[in-house]
Amino acid sequence: MAEKIKFELVSPAKLLLSSPVDMVVVPGGEGDFGALSRHAPMITTVRPGVIDVHDGGKVSSRIFVAGGFAEVTEERITVLAEEAIPVNELTADMLAARKKVAKEAIDDAKSDADKGKAARLLAIAEAMETAIG
Amino acid sequence: MASLKDLRMKIVSVKSTRKITSAMKMVAASKLRRAQTAAEAARPFAERMERMLGTLAASLVGQSGAPRMLTGTGADKVHLLVAVTADRGLCGGFNSSIVRATKHLAADLLKQGKTVKIMPVGRKAREQLRRDFGQYMIEGFEQLGRKGIVFAEADQVANAVAGMFDAGDFDVCTVIYNRFKSAIAQEVTRQQVIPFPLPETTGKAEAGAKAIYEFEPGEEEILAELLPRNLATQMFRALLESQASEQGARMTAMDNATRNAGDMINALAIKYNRSRQAQITKELIEIISGAEAL
């Protein structure tokens, strides 16, 4: 594959990744999508899940993101992630901690806004579990 | 004339002050390095988010039903000022310049018949604004970023602001913070965050919008999520910049203090030596004239 797409992964704390790759598979808000070079311009939400970076005919890295946004243009894809952790750095301890926080949030939630937030936390924890498993 | 003992004690005390200020300078310098890296690392995210928001906003301009956080409430009556300072002093004009800018802006707005609310972020803002603007003060935040700013803290502030906006408590929100220019220079910055200021580079944004973007889900759904995120991001940036500026300001202030203490010690040492000599001379004269009288 000759043409590559420039992939940028940014979290609030720093620029995590910026390199040309063959393809990126992103868990979009309305279903996973793969972005190759000359993709139609698109802006979408990202649900919690795993981004697969394909390069050189194989998956070169897998990164867990806790939701965010993605902007695709013909030559680049920018993912603004709220949190991003490479899958191989995820641990069971992290997952357990997340689950606990999510559960507490659900138990404490009183208003609708709180419930929404708690549900989000749980969704992130569940996505993390899938990523580890 | 101070006695020799007094002078000696004074020199000792200035010396220990100098030790403290130079230690504080060193601490600030090492914290500065960390804060500066954090502030610089956070810039790409904020920039890209602004770009994305600009694209979205450009494609929504003139359409009805755009979220209020983007277009504003249509009124310009109640202003919320978020003043970002440090929790601690001893950093030169860092805190007072923010306080001064806030007071200035608040007084201006009041003169125009607007209502002002002030949200202090950082202990110094609350302490210094309480006297003159106590009645406009609302609950703020303190003790942020004791171990470096994390995004969750910015999110907390942003949530409070967004909650107030949704409740219709204000129309326009401006953040006042110190932008980090270099270790010795900070710039007081006023940034309007609500309503979102449309990018001035409209020409560029339009060109971007012409490459027709697809939106998944719709523009409005994305905006509804993106705007609160953007608010948190801008807060995060303001907090990080402020943190870096604080350390820079403290380093400069403590460097000056150390140097002043050094000068003071020199001056005192000269004075001490002079009085010591004067005393010896006086004693000699007394002895000699006593001997001559015999």
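This is a predicted model: local features need pLDDT of at least 70, side-chain atom pairs count only at pLDDT 80 or more; totals for chains, interfaces and linings use all residues.
Figure 1. Chain A splits into domain 1, residues 5-87, and domain 2, residues 91-132. Where they meet, domain 1 of chain A puts in seven residues and domain 2 of chain A puts in five. On the domain 1 side, the elements giving two or more residues are strand 5 (42-55) and strand 6 (58-72) of chain A. What sort of residues does that side of domain 1 use, nonpolar, polar or charged? Five are nonpolar, two are polar and none is charged.

**Figure 2. Chain A is built from eight strands and two helices.** Of the 133 residues in chain A, 33% count as buried. Take the contacts in chain A with a separation of 6 or more: 48% of them join residues 24 or more positions apart.

**Figure 3. Here chain A touches chain B, with 19 residues of chain A in contact with 22 of chain B.** On the chain A side, strand 5, strand 6 and strand 7 (76-81) each give two or more residues. Strand 5 of chain A supplies the largest share, four residues. This side of chain A divides into 10 nonpolar, six polar and three charged residues.

**Figure 4. Zoom in on strand 5 of chain A and you'll find it paired with strand 5 of chain B (residues 214-216).** Do these two strands pair in the parallel or the antiparallel sense? They run parallel, over three bridges. One spot to look for is A:Thr44, which stands opposite B:Glu216.

**Figure 5. The largest nonpolar core holds 98 residues.** Which members touch the most others? They are A:Val79, B:Val82, B:Ala83 and B:Val84. Helix 7 of chain B (residues 219-293) gives this core its largest share, 16 residues. Now pick out B:Ala83: setting aside neighbours within four places in sequence, its contacts include B:Ile98, B:Thr102, B:Ile118 and B:Pro120. B:Val121, B:Ala125, B:Leu129 and B:Ile176 are also in contact with B:Ala83. In soluble globular proteins, nonpolar side chains tend to be buried together.

Notes
Residues are numbered from 1 along each chain as its sequence is written. Chains are lettered from A and ligands numbered from 1 in the order in which they are written. Domain bounds come from an automatic or database domain assignment. Two residues are in contact if their C-beta atoms, placed from the backbone, lie within 7 Å. Ala, Val, Leu, Ile, Met, Phe, Trp, Tyr, Cys and Pro count as nonpolar, Asp, Glu, Lys and Arg as charged, and the others, Gly among them, as polar. Two strands pair if DSSP finds at least two bridges between them. A nonpolar core is a set of buried Ala, Val, Leu, Ile, Met, Phe, Trp, Tyr and Cys residues joined through C-beta atoms within 7 Å. A residue is buried if 20 or more other C-beta atoms lie within 10 Å of its own, exposed if 12 or fewer, and partly exposed in between; C-beta atoms are placed from the backbone.
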